[in-house]
Amino acid sequence: MEIRTHRQIDPHLCGTPVMVETGVSRVSLSTIPSMAADDRGLIHGGFIFGLADYAAMIAVNSPTVVLGSATVKFLKPVRVHETIQADAAVLSVEGKKYTVSVTVGRGGETVFQGEFICFTLNRHVLEEGRKE
C-alpha cells in the first residue's frame with residue numbers, strides 16, 4: 001500500500017516503514033549515537049515517541065492526518081545500536097477522529113505502549129485561512 005502521509009520523514013530519526021496496510025503499520029528504527037541522552041548510550045524518549053507517532057500516522061494514512069493527543073508509557077530503556085519496531089493499529093474511527101494503539105518492541109519485549117488520538121483534516125494544518 002502506498003504511504004500517503006508524512007512522506008518527508010527522515011528514516012534515520014523516525015524509522016523506516018516495513019509494512020503498511022489498511023489501518024495498520026509497522027515501522028523499524030535502528031538507534032544511532034546522536035540519539036543518546038547520556039554517555040551510557042540511553043536513547044532519548046523523544047526518538048521512541050517519534051517512531052510511535054510516525055507508525056500511528058501511517059496506520060491512518062491520510063495526507064492531512066495530525067496528532068491531537070497521546071497517552072504513553074515508557075516501559076524499558078533503549079540503548080544505542082538497538083533496533084526497535086513500532087506496530088500501530090487503528091482501534092476506532094469516529095468521523096475525523098482516529099484512535100490508534102502503538103506498541104514498540106525490541107527482540108520480543110515491549111519497551112513502549114501508547115494510545116494516539118489522530119485527526120484527519122479537510123486541508124493541511126498549515127494552509128492559510130483554515131476553518132475547522
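1. Terms first. A residue is buried when its relative accessible area is under 20%, exposed when it is over 50%, and partly exposed in between, using a 1.4 Å probe and protein chains only. By that rule Phe112 is buried, at 0% relative accessibility.

2. Basis of the model. This is a predicted model: local features need pLDDT of at least 70, side-chain atom pairs count only at pLDDT 80 or more, and totals for chains, interfaces and linings use all residues. Residues are numbered from 1 along each chain as its sequence is written, and side-chain values use heavy atoms, with hydrogens and water left out.

3. The sheet. Helices (H or I, at least four residues) and strands (E, at least two) are DSSP runs, numbered from the N terminus. Two strands pair if DSSP finds at least two bridges between them. Six strands form an open sheet: the 6 strands follow the order E1-E2-E4-E5-E6-E3, with antiparallel pairing. Strand E1 (16-21) and E3 are the edge strands, and each pairs on one side only. On average, neighbouring strands are turned by 20° against each other, direction ignored. Here axes are lines fitted to C-alpha atoms, for helices over the stretch in contact, and angles run from 0 to 180 degrees between N-to-C directions.

4. Pairings within the sheet. E2 and E4 are antiparallel, with 7 bridges. Val24 faces Ala89 of E4 there. E5 and E6 are joined by 10 bridges, again antiparallel. In that pair, Gly105 is opposite Thr110 of E6. Strand E3 (residues 65-74) runs antiparallel to E6 and is joined to it by 9 bridges. Val65 has Thr120 of E6 as its bridge partner.

5. The hairpin. E5 and E6 make a hairpin, with 2 residues between the strands. Gly107 sits in the turn and has a positive phi of about 55°.

6. The core. A nonpolar core is a set of buried Ala, Val, Leu, Ile, Met, Phe, Trp, Tyr and Cys residues joined through side-chain atoms within 4.5 Å. The largest one has 30 residues. Val100, Val102, Val104, Phe116 and Cys118 touch the most other members. Two or more residues come from each of strand E2 (24-30), helix H2 (45-60), strand E4 (83-94), strand E5 (97-106) and strand E6 (109-120). H2 gives the most, with 10 residues. In soluble globular proteins, nonpolar side chains tend to be buried together.

7. Cys118 up close. Which residues does Cys118 touch, not counting residues up to four places away in sequence? Among them are Ala56, Met57, Val60, Val65, Val66 and Leu67. The list also includes Gly68, Lys96, Lys97, Tyr98 and Val100. Contact means heavy atoms within 4.5 Å.

8. A salt bridge is a side-chain nitrogen of Lys or Arg within 4 Å of a carboxyl oxygen of Asp or Glu. The count comes to 6. One of the salt bridges joins Arg26 and Asp87, at 2.5 Å from N to O. Arg26 lies in strand E2 and Asp87 in strand E4, so the pair ties together parts that are 61 residues apart in sequence. Arg26 is partly exposed, at 30%. Asp87 is partly exposed too, at 27%.

9. A salt-bridge network. Lys76, Glu82, Arg106 and Glu109 are linked through salt bridges. Glu109 meets Lys76, with their closest N and O atoms 3.7 Å apart. Glu109 is in strand E6 and Lys76 in the loop between E3 and E4, so this pair ties together parts 33 residues apart in sequence. Glu109 also meets Arg106, at 2.5 Å from N to O. Arg106 is buried, at 12% relative accessibility. Glu109 is partly exposed at 29%, and Lys76 is partly exposed at 40%.

10. Aromatic pairs. Rings of Phe, Tyr and Trp (its six-membered ring) pair if their centres lie within 6.5 Å; planes under 30 degrees apart count as stacked, over 60 as edge-to-face and the rest as tilted. The whole structure holds 2 aromatic pairs. The rings of Phe49 and Phe116 have centres 5.4 Å apart and planes at 40°, so this pair is tilted. Phe49 lies in helix H2 and Phe116 in strand E6, so the pair ties together parts 67 residues apart in sequence. Phe49 is partly exposed at 26%, whereas Phe116 is buried at 0%. The rings of Phe74 and Phe112 have centres 5.0 Å apart and planes at 75°, so this pair is edge-to-face. Phe74 is in strand E3 and Phe112 in strand E6, so the pair ties together parts 38 residues apart in sequence. Phe74 is partly exposed, at 46%.
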